[in-house]
Amino acid sequence: MAPKPVTSPIPMHLYPAVSALLLVVGLLVSAFFFIYEATTSTRNRRLAKELVTATIASGFLGFGSLFLLLATGVYV
């Protein structure tokens, strides 16, 4: 039995749209994070909220960058 070739769960023609979507969402969450940091006083900030927001933004921006590289032909 020949092994089945490895394929992407997302079709290659959708990589640009997926990267744009992920990058936009990541930038929006990053903007929310920066606005939260700038408008909230030091005493009212919550570390858990900051960590969750930063982690979500980092994940979206990271995967968005990955799909942007894949869409342009840089296979990592």
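1. A search of the whole structure, which is a predicted model, finds one salt bridge. The partners are Arg45 and Glu37, and their closest N and O atoms are 3.3 Å apart. The two residues may be set side by side in terms of cover. Arg45 counts as partly exposed, at 28% relative accessibility. Glu37 counts as buried because its relative accessibility of 19% falls under the 20% limit.

2. On secondary structure, the protein comes to two helices and zero strands. Its radius of gyration is 17 Å, well over the 11 Å that the globule rule gives for 76 residues, so the protein is more spread out than a compact globule. Along the principal axes, the C-alpha atoms fill a box of roughly 65 × 25 × 15 Å.

3. The surface and contact totals are as follows. Of the 76 residues, 22% count as buried. Where contacts join residues at least 6 apart in sequence, 62% of them link residues at least 24 apart.

4. The record deserves a remark. An unreviewed UniProt entry places the feature "transmembrane region" at residues 20-39 and 51-75. In the model, residues 20-39 are 100% helix and 0% strand, and the end C-alpha atoms of this span lie 28 Å apart. For residues 51-75 the figures are 84% helix and 0% strand, with the end C-alpha atoms 30 Å apart. Helix α1 itself covers residues 15-39, while helix α2 covers residues 47-71.

5. Leu69 is found in helix α2. With a relative accessible area of 36%, Leu69 is partly exposed, which means that its value lies between the 20% and 50% limits.

6. The segment before α1 contains Ile10. At 26% relative accessibility, Ile10 counts as partly exposed. Once its neighbours within four places in sequence are left aside, Ile10 is in contact with Tyr15, Val18 and Phe67.

7. Phe63 has its place in helix α2. At 53% relative accessibility, Phe63 counts as exposed, since the value is over the 50% limit. Phe63 and Lys4 are 59 residues apart in sequence, and the distance between their C-alpha atoms is 26 Å.

8. The segment after α2 contains Thr72. Thr72 counts as exposed, at 57% relative accessibility. Thr72 and Pro16 are 56 residues apart in sequence and 8.3 Å apart in space, C-alpha to C-alpha.

9. In summary, the predicted model consists, in secondary structure, of two helices and zero strands. The protein is more spread out than a compact globule, and one salt bridge is found in it, formed by Arg45 with Glu37.

How values were computed:
Residues are numbered from 1 along each chain as its sequence is written. This is a predicted model: local features need pLDDT of at least 70, side-chain atom pairs count only at pLDDT 80 or more; totals for chains, interfaces and linings use all residues. Side-chain values use heavy atoms; hydrogens and water are left out. UniProt positions are given in the numbering used here, feature names are shortened, and annotations may be inferred rather than shown by experiment. Helices (H or I, at least four residues) and strands (E, at least two) are DSSP runs, numbered from the N terminus. Buried means under 20% relative accessible area, exposed over 50%, partly exposed in between (1.4 Å probe, protein chains only). The radius of gyration is taken over C-alpha atoms; the globule rule is 2.2 Å times the number of residues to the power 0.38. Contact means heavy atoms within 4.5 Å. A salt bridge is a side-chain nitrogen of Lys or Arg within 4 Å of a carboxyl oxygen of Asp or Glu.
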